[in-house]
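Have the structure open beside you as you read.

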Amino acid sequence: MIGLPRPLYTALKLAALAGVVAILAVLPRFMGEFRVGQFTFVGIYFIALLGLNILTGYSGQISLGHGAFMGIGAYVTAVLTLGRKGLVLFGHHPPHWLPLGDGMRPALTIPIALVVTGIVGLLFGMPALRLAGVSLALATFAVAVSLPTVAKRFEDVTGGGGGLSLPLPETPFGLHVSAPHWLYYEAWGCAAILFVVAWVLVRARVGRAWRAIRDGELAATASGVSPALYKTLAFGVSSAFAGVAGSLLAIQVAFVNPDTFPLSLSILLLASVVVGGLGSLSGVIVGALMLEFLPVYAQHPPLFGQSFSKQAPGVVFGVVLILIMFAVPAGAAGLLRRIVRPLTKPVPTVSD
Amino acid sequence: MALLEVDQVTRRFGGIVALSDVSLELEEGTIGGLIGPNGAGKTTLFNVITRMYKADSGRVVFDGRNLLRVRPTRVIRAGVARTFQNVALFPSMTVLDNVLVGAHTRVRPFGDRTGKALARETLEALTLSPLADRVVAGLPFGTLKQIELARALVSRPRLLLLDEPAGGLNHEEVGELGGLIRRIRKDFDLTVFLVEHHMNLVMSVCDRVHVLNFGQKIAEGTPAEVRADPAVIQAYLGTDSAAA
């Protein structure tokens, strides 16, 4: 047998996880507010990528529309935070039948964004069942293309092209932390909860069903796994995650408009999931770090003293993606596995 | 009453009649063989029984229930499990997880200790336990076929359909296969229906053999009867050779 005994291997994994959690918990103490904000974005992307990895990495369906699902979550949070009064104050005329409320604490809108976006994802997952591979990618792409237009069309609720401004973030409950720190812990708190949810899901029956469908739909069907049910479920769960990410993003930037979630975001999300490693949760953090920091460093490379054009991040992202596909097709998670495995391989004994 | 009754099943693909009014019965606890030249419709019949293909007409009655009205994902719940001609496992998953997918309908959504125990028990019965945590991709072909068998058995089916269980196996493995099939029939209380080209295996293991040619059933009987049947000989050797 290759590898450590299972319990030891699991213990090692948990220790690594605890280490990451500890680092993330103390990180804001050692950096300025701008940096803290950047790492809040890492947490937000981490959540979106977890969800996308469930869809693409585990259930094997490609989505080029996850930016749009984030957008839906963001609009839910923006609209509910403002409430009917807030929208009217900004000169909008939301239809009377919409249950908008009188404005909510932003943090409380997060679970609502999760549910609403999850339902939208489920509904979208149903027609997507008839599509696979490139056709499915195109259909999700259409969602990403149409979201800005839809947002502009229903400007009575969404604020149209001008978007919606949220009240500036503040720390609730009289806690003695600055707003950026609060947002950081809010984002990473959600990330931690959703990581555990994802961890549990992919190890449960539903996770096995997702992987089975990805590996062989016919054999899965013969085993009693319904591809239709589990593919739809993957879409629902995945977009619910994206909804939380979008909701947090709206709170973080205190503003939403149709350009907050451009097409390029959807594409970069997919690329980052691949970089992190499909079908593995441990690489997701690497994808999230890259999604936040690569564009920054690509445009202003360190130790170079010169800035590149605004197009540079896209090009660099592409080059990095190609290099990774050649060097470590399984992404960061695959690289990690490749490093760890020889270290943990026991010396073969006679009884082997 | 027969456990499985295929009643005048017809299936066309465009202008080709893959199955033409095929009828056959399988008694509970027996091992049935389905033979015939390439393209005779053997796998098509398996696919109709397990609802991978729709039948154009006819009935498939299993344990008093028309399977053709059962959804494809419910066939295994009804008690029919199968293996595939070219081995259809989930290559990126471990052996244990592959078998657990086979137990999908018997396992609770979360915290499935009973399912795991069932899977491990099944692996043990096929002496696959040492491989439980190995990823399937890269394992030898003969082992893959055994894992596929474990995945089918873990659902504790009443009817097991084996599509060319000896295909791709070496001489030694084929020799062991006959004993294995008889053993699992006894241990798992099964009725077995198998498609096979390997005649020695069919003749040694099957209680009854059904012969298809060009989508039609041309013979049925004990292995000895079928082997002596002129229609079967003609189907295998061809009209020209028979005339010559």
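I started at A:Gly60, which follows H2(A) and has a positive phi, near 75 degrees. The model is predicted, and I kept in mind that local features need pLDDT of at least 70, side-chain atom pairs count only at pLDDT 80 or more, and totals for chains, interfaces and linings use all residues. Residues are numbered from 1 along each chain as its sequence is written, while chains are lettered from A and ligands numbered from 1 in the order in which they are written.

Next I looked at helix H2 itself, residues 33–58 of chain A. (Helices are DSSP runs of H or I, at least four residues, numbered from the N terminus.) H2(A) has 26 residues and reaches 36 Å from first C-alpha to last, close to the 38 Å expected at 1.5 Å a residue; the expected span is 1.5 Å times one less than the number of residues.

I then checked where H2(A) bends: at A:Leu52, by about 30 degrees. The bend is the angle between axes fitted to the seven residues ending there and the seven starting there.

Last, I turned to the contact between the chains, which takes 20 residues from chain A and 27 residues from chain B. Two residues are in contact if their C-beta atoms, placed from the backbone, lie within 7 Å. On the side of chain A that touches chain B, helices H8 (205–215) and H9 (217–222) each supply at least two residues. H8(A) gives the largest share, 7 residues. I sorted that side of chain A into 10 nonpolar, 5 polar and 5 charged residues, counting Ala, Val, Leu, Ile, Met, Phe, Trp, Tyr, Cys and Pro as nonpolar, Asp, Glu, Lys and Arg as charged, and the others, Gly among them, as polar.
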